[in-house]
Amino acid sequence: MTVRALLPLMLLGVSGIAAAAVATIPAQNALQPHGVQAAEIHDLWRLTLLICTLVFAAVFAAFLYAIWRAPHSKVQLAPDLTSLDQSEPRLRRPVIVGVAISALLLIVLIVADFVTERRLSRLPLKDAVTIEVTGHMWWWGARYLDDEPSRMFSTANEVHVPAGKPVILKLNSADVIHSFWAPSLHGKKDLIPGRTSLLQFRVDKPGVYRGQCAEFCGLEHAMMAFTVVADPPAQYEAWAARQRLPAPDPMTDLQKAGQAVFMRSTCVMCHTIGGTEAGARLGPDLTHLASRSMLASGTLPNTPQYLAAWILDPQRFKKGSNMPATPLSAGDLNALMAYLETLK
Ligand code: CUA
């Protein structure tokens, strides 16, 4: 079978995955701000759009006027070049006025930009939740910081925040430059290896907001999405309390066998499961994997079918991912799946 013959099948597969993903994460939209920071940026964007539209309309009107008033010639006649010898003093004033208006509009935009930037930096940060976000090729690590070390916990690709409370993100990168961008909540901020940058925002409306890496970072840059889930504060506290707990011990024989499969296969070399001997930090923390809605940084819905397919052959869904294929017998895979489902 040629590549061309395979193409429709491949497209079908890809669109199936995309449709499934769309069904789980809502679309991201910078024009629908749901936080104070995003609202400020949206206002600045609207002002810029208004000014640019007016300038475009004015320039286009001047262009049409120039065409209309240009002397019309005929092919048979010799060109009339007499105007080239005359200076056009009448034009001096419109040009000066045009330059002045352009400069003034640019100054208005600079001032608006400055004022917006100032407002963005003035978010009250009392009782803020601080999360250390680390960009990896191609997933997001999130560590919830706390003055008390025992209250810290880690998760990946899905950050929960309390609605109405400020959030401080400390952004780092483990490899190359990434960019954290949740358009409904705030603007972009780069994650640069070797330095920490800060991003502060507040979500006012509970909901699920999609974000995306916004700096090209290699093969799977496009598959580096994340979700910010804004919960009502009480619900957030309950979620955080669950995340702080270690993984529950496997109960049934099948689950116990699944844990043993995890510990003797390559899984244990990269992933952490709190409360077990798996403590590697190369890949996402799996302690509460089953509580997350997506797999592989927004690539696949977190269903048993996709999880099994992902474990067997991640490269099929995310070429270049650091996760190697894990060949397992049907029995081992079944047990592993039973265990992973307990990681709520
Ligand atoms: Cu990370 Cu693009």
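Modeller: Let us do that, keeping in mind that this is a predicted model. Strand β4 is covered on both of its faces, with Glu 158, His 160 and Pro 162 buried on one side and Val 159 and Val 161 buried on the other.

Biologist: How many of the residues of β4 are buried?

Modeller: Five of the five residues of β4, which spans residues 158-162, are buried, so the strand is largely enclosed by the rest of the structure.

Biologist: Which strand is joined to β4, and in which sense do they run, parallel or antiparallel?

Modeller: The general idea is that strands of a sheet pair through backbone hydrogen bonds, either parallel or antiparallel. Here β4 runs parallel to strand β10, residues 225-231, and five bridges join the two; within this pairing, His 160 stands opposite Val 229 of β10.

Biologist: What is the order of the strands in the sheet that holds β4 and β10?

Modeller: The order is β4-β10-β9-β6-β7, an open sheet of five strands whose pairing is mixed. At its edges stand β4 and β7, each with a single partner strand, so one side of each is left without a neighbour in the sheet. On average, and with direction ignored, neighbouring strands of this sheet are turned by 25° against each other. Helix α4 packs on the sheet and touches β4 and β10, its direction making about 135° with that of β4.

Biologist: Which strands does β6 pair with, and over how many bridges?

Modeller: Strand β6, residues 178-181, pairs with β7, residues 189-191, in the antiparallel sense over three bridges, and one of the facing pairs there is His 178 with Leu 191. Two bridges join β6 to β9, residues 207-213, and this pairing is antiparallel as well; in β9, Phe 180 has Cys 213 as its bridge partner, while Trp 181 stands opposite Gln 212.

Biologist: What is the strand order of the sheet that contains β8?

Modeller: That open sheet has five strands in the order β3-β2-β1-β5-β8, again with mixed pairing. Its edge strands are β3, residues 153-156, and β8, residues 197-202, each of which pairs on one side only. From one strand to the next the twist averages 25°. Strand β2, residues 139-144, pairs with β3 in the antiparallel sense over four bridges, and Arg 143 stands opposite Ser 154 of β3.

Biologist: Which strands of this sheet does helix α4 lie across?

Modeller: Helix α4, residues 233-244, lies across β1, β2 and β3, and runs at about 100° to β3.

Conventions:
Residues are numbered from 1 along each chain as its sequence is written. This is a predicted model: local features need pLDDT of at least 70, side-chain atom pairs count only at pLDDT 80 or more; totals for chains, interfaces and linings use all residues. Side-chain values use heavy atoms; hydrogens and water are left out. Two strands pair if DSSP finds at least two bridges between them. Axes are lines fitted to C-alpha atoms, for helices over the stretch in contact, and angles run from 0 to 180 degrees between N-to-C directions. Contact means heavy atoms within 4.5 Å. Buried means under 20% relative accessible area, exposed over 50%, partly exposed in between (1.4 Å probe, protein chains only).
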